[in-house]
Structures are given as C-alpha cells and as structure tokens.
Amino acid sequence: MKKFLKTFSGKYLNKKALKKFGIDLFFLIVACSAGAFSLTAVMLPNGLTSGGLTGVVRIIQKFVHVDFSILYYGGAIIILVVVSAIMGIKEGRKVLLLSILYPTVIFIFERVNFNLLEEKDTILAAIFCGVFFGTCSGLVFWRGYAFCGTDAIAKIIKKKLLPTVALSQILLIIDASIIVFSALIYGRNIALYALVTQVILTKTVDFVLYGFETKIVQLEIITQLPDVVTEYIIRDIERGVTEVEITGAYTKSKRTKLITLCSPRESILIKKFIAETDKKAFVTVVRVDTVWGLGEGFSDINDN
C-alpha cells in the first residue's frame, strides 16, 4: 500500500514529490542560515536595520528587550493568521513553512553569538547585510517559496483597499515607510544605511536567480492547459499574457503558445506552477535587455 504524506501546502506527496520537497527544504535551510547569519553576525552587532518585517522588529526591539527571533516569530505568526483570515488558507499555506523555519534558524544563530566584523564598521556591515539577505531571498524565490512579511501585507492592502495600485508600488511604500520610521528611532544615518542594504539586496536576488542578467525575461509557454496557466499569470502574478496559435510541424496539431514578460522572481513562480500543473509543458526563457511600453515595470516608450 502506498503511503502518502500531506505537506504544509496541503498536497499529498509520493516518493518522487517527497524527494523534491526534501531538496527544497535543504535549500530553504541554507537560505535561512544566510539570512540568520546576516542578522545575528552583521546587522545586530552593528546597530543596523532594514525594511520589511525585520525593520519592524528592529523598531520594537528599541522598546522591548526580547530576542529578535522571538519577536520575529510572533510577527510572522500574526501576519500568517491575518493572511489566512483575509486572503484564504491557500495564501496562508504559501508562507507557513518559512514562518516557522526562519525564526527557528535565527534562534539557533543567536545562541552562537558570532560577529563577522572584527570591529564596528557600519558601511561594510550594510554591504554584507545586503549580500547575505539577498542570497537568502534569492534562494527562497528560486525554490518558489515566500516569506511571511511585508509582501503579504501588500497583497492584503491591494485586495481590500487599493485594487488599482500595483503590488510593487504598495510594497515599496510599506518598506520605505518602515525605513523612514527607523530614522526617527535609530537616526537618519542608520536609515540611509538601510537603503544601501535594500539596493544591494535587490541586485543580489537578481544575481542568484539569473546571474548578471537583465531583470526582465520573456517566457514562451506551450501547455495543454493554457486557460489555467493564463489565469494564474494574470490573477496571481499580475502580468499580461499574449496567446498565439501554433502548429506542430510533425503532428500538424494546433496548440496555444503563451507569451509573457515578467521579472526573474516571477518567472520562477510561474515555472513552479506549471511544473505542478502540466508535466508535459514546454517553456522557453528569453533574457530581455529592455522593454519599451506603458506597462508596469517597463521603460516608458515616451522617455528619451
């Protein structure tokens, strides 16, 4: 009799899927270790902060003398409950694993009490925070998972309050607000160092996903379930899709090819969805130097 295990995502796994989940878990542990190391060995010893839930916890730590891991775990669980209640259990499952795993790894690293830098160097610390945090986020995105942080809050705000505003803009405003508020608590210089960390973090994420490549890719998808994939890209990824009818030269059968432009991180999410939905799908990834148009995230065609 075959035994199946039910994962945090609510799906039943056979041996092959369980092996894949084991590989995912390995990379997630590596990612969380990179993030925890950056936090405990670089950021906290040098008095820095950042955006996201990390920045919120750093602000709270100014008034409450509790370990970072405990506060982060509490914040992640609160966000998880809110996301599940407002967005549904499906959204909650996407962030459940890291809501538990990441604070646990931070808790372990806190007990090591190691400082990467021999002496306090704020600039160097800001740079290394961006590199390590970017590596952490890049590995998480690469495996198709997500943190329970400000991006989850941004989704709630978009759905309930600002449906016409782009998700990336809402997220930018939230993180910027956290950094600005940090300036009131820790000083303007610390907030500016946080901006340096955020910029390096973003560039590192792109490098982990695609190396020194452009931040825009074009996906050409041939699938037996074009409607399902199109709905996912439009509804969840919030990108446009072009449908092109094609004919196989050998079989002469007609199929639908989907074309979409997105960021490297979004392409990984699409890839993961297609892999779970249509095992026989064919996906081509094309690196794009730039895109001119009026769409979100692209260069304005009217710019000089």
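Analyst: Relative accessible area, computed with a 1.4 Å probe on protein chains only, sorts residues into buried (under 20%), exposed (over 50%) and partly exposed (in between). This is a predicted model, in which local features need pLDDT of at least 70 and side-chain atom pairs count only at pLDDT 80 or more, while totals for chains, interfaces and linings use all residues. Residues are numbered from 1 along each chain as its sequence is written, and side-chain values use heavy atoms, without hydrogens and water.

User: Is Lys252 buried or exposed, and what is its phi near?

Analyst: Most residues other than glycine have a negative phi. Lys252, however, has a positive phi near 60°. Lys252 lies in the loop between β4 and β5 (254-262); strands are DSSP runs of E of at least two residues, helices runs of H or I of at least four, numbered from the N terminus. At 60% relative accessibility, Lys252 is exposed.

User: Where is Glu238 placed?

Analyst: Glu238 is in the loop between α9 (226-237) and β4 (242-247). Its phi is likewise positive, near 60°, and Glu238 is partly exposed at 33% relative accessible area.

User: Which residues touch the most other members of the largest nonpolar core?

Analyst: Such a core joins buried Ala, Val, Leu, Ile, Met, Phe, Trp, Tyr and Cys residues through side-chain atoms within 4.5 Å. Here the largest has 49 residues, and Tyr72, Leu98 and Val140 touch the most other members. Its largest share, 11 residues, comes from α1.

User: What is Tyr72 in contact with, beyond its neighbours within four places in sequence?

Analyst: Contact denotes heavy atoms within 4.5 Å. The partners of Tyr72 are Leu53, Thr54, Val57, Tyr102, Pro103 and Phe147.
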